[in-house]
Amino acid sequence: PEKRTFVQRSQESWQAGERLSEQIFTLPDPIGNRAGAELMVRMDTHLQAASDQLKLVIELALGELSSQHEVVHQLSLQLGVILVFFLALVTVMVLIGLSLVRHWIFAPLEQLRAAAEQFGAGNLAYRIPVHGKDEIDQVAETFNHMAATLAQDRQVLHELAVHDQLTGLFNVREFHRLLEMEIIRAQRYAHTLAVLMVDIDHFKAINDRYGHETGDRVLQQLAARLRGIIRETDLLFRWGGEEFVILMPHTGPGEAPALGERIRAAVAERPFVASDAHPAVAVTVSLGVAGTSAWPIDPDGLLGRADAACYRAKEGGRNRVESETAST
């Protein structure tokens with residue numbers, strides 16, 4: 001309203017000056033004319049008033065522009081602060097997002113990679129931590145289940161590899177491995193070591209008379225009976241067919257025959273129950289003993305001497321114990 005008033009006054013003063021100028025031009029000789037001079041003074045006054053009113057409008061406009069400039073400046077500062085805050089917020093959100101991605105995706109994937117390396121190296125006891133039920137956790141559970149299954153299968157295969165399927169005793173392959181370990185231990189700590197060979201007498205006749213199923217049951221019951229007689233430190237193996245081997249650490253050549261005699265007597269004194277059709281099958285065994293306290297120990301020689309002693313027991317009438325030094 002203020003500017004409109006100033007503009008209106010300026011227009012009125014201009015129009016008044018314009019009318020005076022028209023009067024001046026109507027004079028025949030305005031220059032040097034007193035009336036013309038007065039009209040020109042009045043016209044200049046109105047034109048000056050119009051100019052002054054316009055100056056007031058300009059000053060008001062400049063004041064408004066200055067005020068608006070200050071507002072714009074403040075808005076610019078506020079916008080800058082908002083922009084900085086927004087960028088900081090975006091940066092924090094990105095960092096949080098990366099942290100969450102690392103925690104929920106990269107870390108589980110790294111665990112899967114480490115687990116794959118462990119499984120590839122044969123460490124089937126390794127397990128991946130499972131924290132939830134998402135897709136990666138489901139994969140981790142699958143890995144763990146697979147590792148448990150493989151470990152169980154490997155244990156089964158190991159049992160099959162080192163045990164005789166019929167009797168459950170250690171087999172020949174495991175005998176050679178454990179014999180080598182016991183020889184190393186005996187030589188390191190200067191211990192004695194003995195081997196006892198057990199052979200069922202006339203086992204072919206048992207198979208021929210009662211059948212192979214009865215023969216298998218005799219082998220199983222003999223294995224159980226031998227387990228109950230030997231000491232905790234002794235190791236029992238099925239050598240093959242009707243032969244068994246007992247590995248006796250900390251046992252010298254003079255001590256082993258006594259254990260052999262206990263085994264012979266325990267087998268002979270009580271028949272074996274093979275089946276309902278043949279409830280009592282008499283079984284005897286011949287045993288050969290070999291031991292050593294000399295080093296180095298020859299595993300083949302030690303076993304060969306026990307086998308030779310067992311052969312002498314067979315030749316000497318069976319159901320007896322034969323050793324390198326004495327027979328009973």
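User: Hi! Before we start, what does buried mean here?

Analyst: Buried means under 20% relative accessible area, exposed means over 50%, and partly exposed lies in between, using a 1.4 Å probe and protein chains only. This is a predicted model, where local features need pLDDT of at least 70, side-chain atom pairs count only at pLDDT 80 or more, and totals for chains, interfaces and linings use all residues. Residues are numbered from 1 along each chain as its sequence is written, and side-chain values use heavy atoms, leaving out hydrogens and water.

User: Thanks! Is Phe175 buried or exposed?

Analyst: Phe175 counts as buried, because its relative accessibility is 0%.

User: And how many aromatic pairs are there in the whole structure?

Analyst: A search finds three. Rings of Phe, Tyr and Trp (its six-membered ring) pair if their centres lie within 6.5 Å; planes under 30 degrees apart are stacked, over 60 edge-to-face, and the rest tilted.

User: Nice. Which residues make up the ring cluster?

Analyst: Phe170, Phe175, Phe237 and Trp239 are linked by ring pairs. Phe237 is buried at 0%, while Trp239 is partly exposed at 22%.

User: Switching topic: how many residues of S4 are buried?

Analyst: Eight of the eight, so S4 is largely enclosed by the rest of the structure. Strands here are DSSP runs of E with at least two residues, helices are H or I runs with at least four, and both are numbered from the N terminus.

User: Which way does S4 run against S1?

Analyst: They run antiparallel, joined by eight bridges; strands pair if DSSP finds at least two bridges between them. Leu196 has Val289 in S4 as its bridge partner.
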